[in-house]
Amino acid sequence: MDVADVSGVPPWFSEHLHEDGIESLYPPQAEAVEAGVADGESLVASVPTASGKTLIAQLAMLAAVDRGGKALYIVPLRALASEKREEFSAFESYGVSVGVATGNYEDTGEWLAGKDVIVATSEKVDSLVRNGAPWVDDLDCVVSDEVHLVDDPNRGPTLEVTLAKLRRINPNLQIVALSATVGNADELAAWLEADLVDSSWRPIELRKGVHYGQALHFGDGSRDELRVESSEKPTEAIVRDTLAEGGSTLVFVNSRRNAEGAAKRLANTTAEGLEADERDRLGALAEEIRGVSDTETSEDLAACVERGAAFHHAGCSGEHRSLIEDAFRDRLIKVVAATPTLAAGVNTPSRRVVVRDWRRYSGDVGGMKPLSVLEVHQMMGRAGRPGRDPYGEALLLAKSHDELDELLDRYVWADPEPVESKLAREPSMRTHLLATIASGFADSRAALLEFLDRTLYATQYRRGDGTDNLEAVVDSTLEYLDHNGFLDRGGTIEATNLGHTVSRLYLDPMSAAEIVDGIEGADDPTALGLYHLVSRTPDMYELYLRSGDTEEYTMAVYERESEFLGAVPSEFEEERFEDWLAALKTARMLEEWASETDEDEIAERYGVGPGDIRGKVDTAEWLLGAAESLAEELGLDSVGAIREARKRVEHGVGEELIDLAGVRGVGRKRARRLYDAGIETRAELRNAEKAVVLGALDGREKTAENVLEAAGHRDPTMEGVTPDASATPEATAGETTDGEDQSSLGDF
Ligand code: ADP
C-alpha cells in the first residue's frame, strides 16, 4: 500500500515520507490502516522491534490533527521524550505544532493547550491529570509507546491507571498502543477495546543464534564457522569477524561497569582496522565528548571513541549518548557496549547484536536472574540495518554444550512471555487510590472498584488469569491512607487537605508519611538531616553500599546522630539499619554537592557517573520542594530551613551563595568567584564595578556581559573594561581554582 493512498492523513505526509525514502507501507502498517488507525479506531500493534511502529502512531496522530483534534504520545522514558520531539519536529514546517511536557510535577503545562501533538512520559501525564490540566479533556488520540511495560513492577501501574483515566475522561478517545511482540497481545487489545495487529513480520531477516566453540549455531539448525583465537574472548572474535565484513556490532551487557570494561577491551580490536581519515574524525569526536563535561566518565568515553568503540548507559549524559548514537549510525564507531536501558527505544541498528550477559543482578532474588525472553528479543531486534545489510544476526554466547542447548531453548526458540498487570502491588495501590480519590474519579469503595474495572488487572482477572486479591488490597490501602491522615472516610471517601497536597505533589503516600513524621518533630532541621529524610523515602533510589561502606557509614551515623529526623534503627534490625546507611551515603553525597565539592570528585568518591548525580539532585530538589509544601500545609516552623536546604541542592552551593547562584548564567563556580571578589548578593552584582566582575570571571567578556544583564545591571557592556587583577580567581582563591569549568549540572 502506498502511503499516499491512506485516506484521512494530510497529503504532505506522504511527500515527507518519500523524502526519507519511505514509499510503501510495511505489511503491519498496512494492516493497521485497514483496521482504521487513520480513521480514529483504537488499535494495539504488537510488532517486532524496528518494524515501523512509529509510523503507525504518526498516521493516527496526524489524521487526528487533520480532523482538528489533538494527540498525545506517551513515552516510557524521559530520555525518549526529547528523541520523539526531535523526530516529530519535522512536522512543524507543515503547521503541526509539537510540545514536550517536562518540568516539575505540579505544572499543569497550560502552554501545551495550544499544541497539536504533545509528548510526555506516563508519570507526567498522570500528574497532569491529577493537577487538572484542562487540555487533557480535548485529547482525541493517545499513543502509548512500549505498552508492554505495563508489566514493569515499578512503572507499569502508572501507565495502566493513566490510560484508564484518560479513557474515562474521554470515552471516545482513540488509543493506539504500540507493543513489542508479547505472548498475550489479545488481552491488551481486549483491555483497551481495540483492534489488534499481531505480526511477526520484520523488514530484514533476523538470524538468532548462539556462539559456542568455534561456530555460530543458528536456531534453524545451520552453522557458520567463527573462530576464536586463543588470545581473545568470544565477543572480541565476533567483533573482529563483523569488522572484516564491514559491519558494526552492538554488545549488550548487564551493568554500567561491564559496559565500560567491554568498550575499553573491544577498542583494542576496533583500533587495528581504522583508516587514517576515520582516526581523524574519531579524534574530533573524542574532543567533542571531552567538551561536554570534565568528568572521568567523559574522559573514559573519549579514550574509547578515539579507538572506534564506545559505551552507552544511563550514567552517560544525554549529550554523550546522542553523540555516540549518531556516530554509530554513521558507522564511524564500530562497536557500542550498552546496558539495555534504552535498547528498546533508540533506533541504533547494527549488523550484529551480541547479548553477552543474559543474567542480571536482581535485588528481589538477591542474586543473578535470567532476563525475560521479551527483553532479550528486544535487544536482538536491533540487529540488521534495512537497505544496508543482507540480514541481521543476533547472538548469545555459550561456554559449554549444555549452555548452548539451554540458550537455544530459553531464548532462540522461545516465545516472549505474556505481560501481566502489577497494579495490585501495595506501593502502586496506595499512590493510585489516593490520586483517583483526590482527582474526583471515585468517592466510595464501590466507585473505586468500578474505576479499577477499566484496568488491565481487571481484564486479566475476569479471564481467570490472576488471583483476585484486588478487593483485599483496596481495603488495606484505604485503611493505610486513612490512618496517615490522607483520607476522610465519613459517608463518602474524600481526600483531606494533606491528601490532596500529597497527590498533587506526586509523592508516594509512604514517602509523604515518612516526611511528615520527620519534619513534625524538628523545628530547626539541618541540611543533612533533611537530605537523609528524603533519601530514605521510597521515592529516592538510594546509592548502593559497597564493601567498606558499612563500616564508614556506621561511624558516621553515630557522629551525626543528633541531626537525623527520626530515631536511628538499632543495628540488630539489620535491614532497616542498612537502609538507613544507604540513605546516609546518598545524603552525604547531596551534602557535598551543596557544599561546592567538584562534580568529578563526587563521582569518584561515590562511584557514580555525572548522570547519576544529576538524577539524585533532581529527585532531592523535588522531594524537598514537596517537604516544603507539606510543612506549609501543616503550619510548621521548619519551612525556611527546608527551603534553604532545597535551594542549596538546586544550585549546588553553600548557604551564602544561594542568592548569587540563582542569577541566570552564574552557576556554582562563578558564584564562588564573584563572592570571593567581594560581590556577595544579586543586588551587589546589579551595581557591581565592571572591572571586578570581569576579573572574577577570568576576563571572559561575553560571560560577564550575560551575567550582568541577567542581574539587571544598567550598562552590562564590557567594551573597554580592563579586568581588575585583584579580583581574579588566582588572586582571591589561591590554589583552589581549576580553570574555566562551568560544567555545572545544567549541561546534562
Ligand atoms: P519500531 O518502533 O517498531 O522499533 P521504528 O518505527 O523505529 O521501529 O522504525 C524503524 C525504522 O524503519 C525507522 O528508521 C523507520 O524510518 C523505518 N521505516 C518505518 N516504516 C518504513 C517503511 N514503510 N518503509 C521503509 N522504512 C520504514
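**View 1. Helix 6 and helix 15 pack side by side at an angle of about 25 degrees.** In this predicted model, helix 6 covers residues 156–169 and helix 15 covers residues 426–438, and their axes are 10 Å apart. (Axes are lines fitted to C-alpha atoms, for helices over the stretch in contact, with angles from 0 to 180 degrees between N-to-C directions; helices, H or I of at least four residues, and strands, E of at least two, are DSSP runs numbered from the N terminus.) The angle makes helix 6 roughly parallel to helix 15, a label for angles under 35 degrees. Their crossing is right-handed, with the near helix turned clockwise from the far one by less than a right angle. Look for Pro157, Thr158, Val161 and Lys165 of helix 6 in contact with Ser428, His432, Ala435 and Thr436 of helix 15, where contact means heavy atoms within 4.5 Å.

**View 2. Helix 20 and helix 21 cross at roughly 155 degrees.** The axes of helix 20 (residues 509–520) and helix 21 (residues 527–535) come within 9 Å. Helix 20 is therefore roughly antiparallel to helix 21, the term for angles over 145 degrees. This crossing, too, is right-handed. From helix 20, Glu514, Ile515, Gly518 and Ile519 meet Leu530, Leu533 and Val534 of helix 21.

**View 3. Tyr531 sits in the largest nonpolar core, which has 108 residues.** Such a core is a set of buried Ala, Val, Leu, Ile, Met, Phe, Trp, Tyr and Cys residues joined through side-chain atoms within 4.5 Å; buried means under 20% relative accessible area (1.4 Å probe, protein chains only). Tyr531 is among the residues touching the most other members, as are Leu72, Val142 and Leu630. Helix 25 (residues 610–633) gives the most to this core, with 9 residues. Beyond neighbours within four places in sequence, the contacts of Tyr531 include Ala587, Leu590, Leu624, Arg648 and Val649.

**View 4. Helix 11 is mostly covered.** Of the 10 residues in helix 11 (residues 296–305), 7 are buried. They are Thr297, Ser298, Asp300, Leu301, Ala302, Cys304 and Val305. Packed against these buried residues you will find helix 9 (256–272), helix 10 (276–292), strand 12 (309–312), helix 12 (318–329) and helix 25.

**Notes for all views.** Residues are numbered from 1 along each chain as its sequence is written, and side-chain values use heavy atoms, leaving out hydrogens and water. Local features need pLDDT of at least 70 and side-chain atom pairs count only at pLDDT 80 or more, while totals for chains, interfaces and linings use all residues.

Note on methods
Buried < 20%, exposed > 50% of the residue type's maximum accessible area, 1.4 Å probe, protein only. Parallel < 35°, antiparallel > 145°, perpendicular 65-115°, else oblique.
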